[in-house]
Amino acid sequence: MLAIRLPDELEKRLDNLAKLTGRTKTFYARQAIEQHLDDLEDLYLAEQRLTEIRAGRTQPIPLEDVLKRYDLED
């Protein structure tokens with residue numbers, strides 16, 4: 001269960017969309033979270049990786065090596 005408070009303007013927009021489409025506000029909130037959660041996870045992972053590279057704890061893999069590994073060379 002999740003309860004969130006939205007700014008009035010956003011709440012009005014969400015309410016209007018729900019009324020116009022016959023769907024619930026929960027449907028649209030869930031859809032928005034699902035669509036953006038992957039992006040947020042990717043961003044977090046990329047930031048972690050960059051921190052590890054800058055700290056010298058890991059090394060980047062050259063693009064050429066990745067292409068070879070997955071047989072994606074031209």
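How many of the 74 residues of the protein count as buried? The share is 5%, where buried means under 20% relative accessible area, exposed means over 50%, and partly exposed lies in between (1.4 Å probe, protein chains only).

## Before you start

This is a predicted model, in which local features need pLDDT of at least 70, side-chain atom pairs count only at pLDDT 80 or more, and totals for chains, interfaces and linings use all residues. Residues are numbered from 1 along each chain as its sequence is written, and side-chain values use heavy atoms, with hydrogens and water left out.

## The overall picture

Welcome to the fold itself. The protein has 3 helices and 0 strands, giving the pattern α-α-α when read along the sequence. The radius of gyration is 21 Å, well over the 11 Å that the globule rule gives for 74 residues, so the protein is more spread out than a compact globule. That radius is taken over C-alpha atoms, and the globule rule is 2.2 Å times the number of residues to the power 0.38. Helices here are DSSP runs (H or I, at least four residues), as are strands (E, at least two), and they are numbered from the N terminus.

Along the principal axes, the C-alpha atoms fill a box of roughly 50 × 35 × 25 Å. The accessible surface of the protein is about 7,200 Å², and 54% of that belongs to carbon and sulfur atoms; the areas come from the Shrake-Rupley method with a 1.4 Å probe, and for residues only the protein chains shown count as cover.

The protein has 12 positive and 16 negative charges, and their mean positions are 8 Å apart. Lys and Arg count as positive and Asp and Glu as negative, while His and the chain ends are not counted. Each charge is placed at NZ of Lys, CZ of Arg, CG of Asp or CD of Glu.

## Helix α1

Helix α1 covers residues 8-21, and its end C-alpha atoms are 20 Å apart, which agrees with the 20 Å that its 14 residues should span at 1.5 Å a residue. The expected span is 1.5 Å times one less than the number of residues. Just after α1 comes G22, with a positive phi of about 75 degrees.

K12 lies in α1 and counts as exposed at 56% relative accessibility. D15, also found in α1, is partly exposed, with a relative accessible area of 26%. D15 and K25 are 10 residues apart along the chain, and their C-alpha atoms are separated by 6.3 Å.

## Helix α2

Helix α2 (residues 25-54) has 30 residues and reaches 43 Å from its first C-alpha to its last, close to the 44 Å expected. At H36, α2 bends by about 35 degrees, the angle between axes fitted to the seven residues ending there and the seven starting there. G56 follows α2 and has a positive phi, near 80 degrees.

## The end of the chain

D71 is found in the segment after α3 (63-69). Although D71 is not a glycine, its phi is positive, about 50 degrees. D71 is exposed, with a relative accessible area of 65%.
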